[in-house]
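Subject: Handover of a structure

Dear colleague,

Please find below the structure that I am handing over to you. My notes on it follow directly after.

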Amino acid sequence: MTTPALESKSTSTRAATSSTQAASNNASSAVNLSTKISASQLSRQIMNNNILAAQEEVSIAAGDKSMALLYRAAIEAINEELAPMRGENSVQKSLASGVDYSPEATADRIVSFATAFFSVHQQQNQSMVLDEQVDSFMLKIGDAIDHGFKEASDILSGLKVLEGDIAAGVDKTYELIQQGLAQFRQDKSTKDGSQSVTQAT
């Protein structure tokens, strides 16, 4: 015959053992799950977390934060697209206060960042003529920018703030980026033309 004290102790021991086994099983499951996540999935998850962190700072009254989110999403997409070309990302994605997030400044930073890697693209595609190098590079960064804008626009739409000045700012930024990319393409073509003329004379 067991006493109530012994029975209670036995019950506590069984509960503690069961709890320890459950914790062990959970830890084992977590390890198994983490080993199944690829580096690419982990990178995507980190990127999404960064975008969600920026999303939390967006409000109707703070259009500059909406532009910061747009900038971050565009840079993340360019970064991901160009990663095979230049290795791991070293991009500054600062949302620090005091940064100019006007459409003009945002577009200028995105275009400058994206086009800075053209020389690397050229080195890795030396078998192409300049026009082919420019075309393939513009396609790559153009698709990345479009992807980034869509991602940011979807977030802003979900927050119901993609309207009024914010929507106008997003549209203007996209338009200025396209103008900047067109100018970059023209500059490369003009440079090529002037070199051809120089070499011919």
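**Findings**

Lys160 is exposed, with a relative accessible area of 63% (exposed means over 50% relative accessible area, buried under 20%, and partly exposed in between, with a 1.4 Å probe and protein chains only). This residue sits in the loop between α6 and α7 (164-200). Just after α6, Lys160 adopts a positive phi of about 60°, although Lys160 is not a glycine. Most residues other than glycine have a negative phi.

The model is predicted: local features need pLDDT of at least 70, side-chain atom pairs count only at pLDDT 80 or more, and totals for chains, interfaces and linings use all residues. Residues are numbered from 1 along each chain as its sequence is written, and side-chain values use heavy atoms, with hydrogens and water left out.

The chain as a whole contains seven helices and zero strands (DSSP runs numbered from the N terminus, helices being H or I with at least four residues and strands E with at least two). Of its 201 residues, 32% are buried. Among contacts with a separation of 6 or more, 69% join residues 24 or more positions apart, where contact means heavy atoms within 4.5 Å.

With 29 residues, α6 reaches 42 Å from its first C-alpha to its last, close to the 42 Å expected at 1.5 Å a residue (the expected span is 1.5 Å times one less than the number of residues).

Val134 lies in α6 and counts as buried, at 3% relative accessibility. Leaving aside residues up to four places away in sequence, Val134 touches Phe118, Arg185 and Lys188. Val134 and Lys188 are 54 residues apart in sequence, yet 7.6 Å apart in space, C-alpha to C-alpha.

How do α4 and α6 pack? Helix α4 (residues 103-115) and helix α6 (residues 130-158) pack at an angle of about 140°, with their axes 11 Å apart. Axes are lines fitted to C-alpha atoms, for helices over the stretch in contact, and angles run from 0 to 180 degrees between N-to-C directions. The two helices α4 and α6 are therefore oblique to each other (under 35 degrees is roughly parallel, over 145 roughly antiparallel, 65 to 115 roughly perpendicular, and the rest oblique). On the α4 side, Ile110, Ala114 and Thr115 meet Phe137, Ile141 and Ile145 of α6. The residues of this contact comprise five nonpolar, one polar and no charged (Ala, Val, Leu, Ile, Met, Phe, Trp, Tyr, Cys and Pro count as nonpolar, Asp, Glu, Lys and Arg as charged, and the others, Gly among them, as polar).

Yours sincerely
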